[in-house]
Amino acid sequence: MPARIRLFIPLAAFIGLFTLLLRGLSLDPQELPSALVDKPLPKFELLSLLDAEPVTERSLLGVPMLLNVWATWCISCRVEHPYLQQLSDQGIKIVGVNYKDEDRAAKKWLKDFGNPYRSNIVDKRGTLGLDLGVYGAPETYFVDADGIIRYRHVGVIDDRLWTNRLKAVYESLSKSATEA
């Protein structure tokens, strides 16, 4: 191999690695895989934030819901919160999972910004989050009336995303529940 060609081998390797890195960084975080899609909610028994009553996965069954992982330390959750309130006002059942947070801060948040959640689960240690495969907050799981996770969204839910993608997912869960 001529000496000049050997000089380009490190450059070609660098370009190849750079291209792989760039492709990896451009992955859509909302498309992160979840091993729990089409599987039941993990079994749990945790306390409700507002009344300290036990909440289990069985107590959430009956109608489709959004299971929203949130925290007061999450900047994106603050952005998403008003839109969740709008969805809740339209009758969509949203259950909160207050993830690795302080109860006092979470209660103040709900008092100050409104409470879109029909129930709010305290996950102070992150055990439910771990069982769900949570990467961070916010994350939202679309769960059917039987407690089967049908879809997972990572990141903020806003009007554009709801209208263009997520509303159809929720409506299919609702339609299936009424047909059952």
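**Notebook: strands, helices and core**

In my notes strands pair if DSSP finds at least two bridges between them. Helices (H or I, at least four residues) and strands (E, at least two) are DSSP runs, numbered from the N terminus. Within this pair, I found Asn68 opposite Gly96 of strand 5.

Before going on, I noted that this is a predicted model, where local features need pLDDT of at least 70, side-chain atom pairs count only at pLDDT 80 or more, and totals for chains, interfaces and linings use all residues. Residues are numbered from 1 along each chain as its sequence is written, and side-chain values use heavy atoms, with hydrogens and water left out.

Next I traced the strand order, which is 1-8-7-4-5-6 in an open sheet of six strands with mixed pairing. Strand 1 (39–40) and strand 6 (119–123) each have a single partner strand, so one side of each is left without a neighbour in the sheet. For the chain overall I listed five helices and eight strands, in the pattern α-β-β-β-β-α-β-α-β-α-β-β-α.

**Helices over the sheet**

Which strands does helix 2 lie across? I found helix 2 (residues 75–89) across strand 4, strand 5 and strand 7 (139–143), at about 160° to strand 4. Axes are lines fitted to C-alpha atoms, for helices over the stretch in contact, and angles run from 0 to 180 degrees between N-to-C directions.

Helix 5 (residues 159–179) has a kink of about 55° centred on Leu166. The bend at a residue is the angle between axes fitted to the seven residues ending there and the seven starting there. Leu166 is also buried, as are Leu161, Trp162, Val169, Tyr170 and Leu173 of helix 5; buried means under 20% relative accessible area, exposed over 50%, and partly exposed in between (1.4 Å probe, protein chains only). I see these buried residues of helix 5 packing against strand 4, helix 2, strand 7 and strand 8 (148–154).

**The core**

Of its 45 residues, Leu87, Ile121, Leu132, Phe142 and Trp162 touch the most other members. Helix 5 gives the most to this core, with six residues.

I flagged a cis peptide bond from Ala137 to Pro138, with omega near -5°. Pro138 sits in the loop between helix 4 (127–132) and strand 7. Asp38 has a positive phi, near 70°, and belongs to the loop between helix 1 (3–25) and strand 1. Ala52 has a positive phi too, about 55°, in the loop between strand 2 (45–47) and strand 3 (54–56). At 46% relative accessibility, Ala52 is partly exposed.

Beyond its neighbours within four places in sequence, Pro54 is in contact with Glu45, Leu46 and Leu47.

Conventions
Contact means heavy atoms within 4.5 Å. A nonpolar core is a set of buried Ala, Val, Leu, Ile, Met, Phe, Trp, Tyr and Cys residues joined through side-chain atoms within 4.5 Å.
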